[in-house]
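Biologist: I'm new to this one. Can you put it on screen and walk me through it?

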Amino acid sequence: MVEMDMNAVVDSLSSTKTDRARPSREEAEAAVRTLIAWAGDNPDREGLIETPNRVVRAYEEFFAGYEEDPDEVLGKTFEEVEGYDDMVMLRDITLESHCEHHMVAILGKAHIAYVPTNRVVGISKLARVIEIYAKRLQTQETMTAQIVDSINRVLKPKGVAVLVEAKHQCMTTRGIRKPDVATITTQFTGVFRDDLRMEQRFLQMIRGYQER
């Protein structure tokens, strides 16, 4: 299991910002044509003529997270919790991302929990935050830390716990080619970091679900 400190979070957040002008759709499609030709095929043959357009449209889905603000998603909260002050947990959230080193898929699941202070957020918003960060070029370690940082910053809870388990196609389909290897990253803050019982409860709830 891997943990990152919050300094790494700040660095990773700033690295997603750029002053460079975004290329046009036509330029993006031309780049795909170049890659097809570089791979050894003819981008003008019938089966590949529409491929650049399809690839660009697919990239719009794969990397839609750059167009959304996770802090805004978490901004709407509810204070009517009738004194609830225990863990709120979502487990087994499907995660699809792309490795920033090879631009191939990272596929897995995320489990997330937080202990609210005096307000809660809609549970779908937590899953949405994971989706936003996943839909960017990523490393799993950075993504895990970014998710926790957003929840801490906006909700100011008593603690946050995140565990991500995923398989990286840059490792399973190329290079060392180890298809059964999963990468696990965790980040714990507040009560989940300071109280071993809370960390254990979080992990036991994940294991209990997986063993059903």
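Modeller: We'll go through the sheet, then a loop arginine, then the salt bridges.
Modeller: This is a predicted model, where local features need pLDDT of at least 70, side-chain atom pairs count only at pLDDT 80 or more, and totals for chains, interfaces and linings use all residues. Residues are numbered from 1 along each chain as its sequence is written, and side-chain values use heavy atoms, with hydrogens and water left out.

Biologist: In what order do the strands of the open sheet run?
Modeller: The order is β5-β2-β3-β6-β7, with mixed pairing. Strands (E, at least two residues) and helices (H or I, at least four) are DSSP runs, numbered from the N terminus. Two strands pair if DSSP finds at least two bridges between them.

Biologist: Which strands stand at the edges?
Modeller: β5 (137–138) and β7 (183–190). Each has a single partner strand, so one side of each lacks a neighbour in the sheet.

Biologist: How many bridges join β2 and β3?
Modeller: There are 9, in the antiparallel sense, between residues 88–99 and residues 105–115.

Biologist: What does helix α5 touch?
Modeller: Helix α5 (residues 123–134) packs on the sheet and touches β2, β3 and β5. Contact means heavy atoms within 4.5 Å. The direction of α5 makes about 20° with that of β2. Axes are lines fitted to C-alpha atoms, for helices over the stretch in contact, and angles run from 0 to 180 degrees between N-to-C directions.

Biologist: New topic. Is Arg 136 buried or exposed?
Modeller: Buried, at 9% relative accessibility. The cut-offs are under 20% relative accessible area for buried, over 50% for exposed, and partly exposed in between (1.4 Å probe, protein chains only). Arg 136 sits in the loop between α5 and β5. A polar atom of its side chain lies 3.3 Å from the backbone oxygen of Glu 68.

Biologist: And how many salt bridges are there?
Modeller: The structure holds 12. Each is a side-chain nitrogen of Lys or Arg within 4 Å of a carboxyl oxygen of Asp or Glu.

Biologist: Which residues are linked in a network?
Modeller: Asp 71, Asp 149 and Arg 153. Arg 153 meets Asp 71 at 2.7 Å, N to O. Arg 153 is in helix α6 (residues 140–155) and Asp 71 in helix α4 (residues 70–73), so the pair ties together parts 82 residues apart in sequence. Arg 153 also meets Asp 149, at 2.3 Å.

Technical notes: A polar contact is a pair of N or O atoms within 3.5 Å; within protein, one must be able to donate a hydrogen and the other to accept it, and residues adjacent in sequence count only if both atoms are side-chain atoms.
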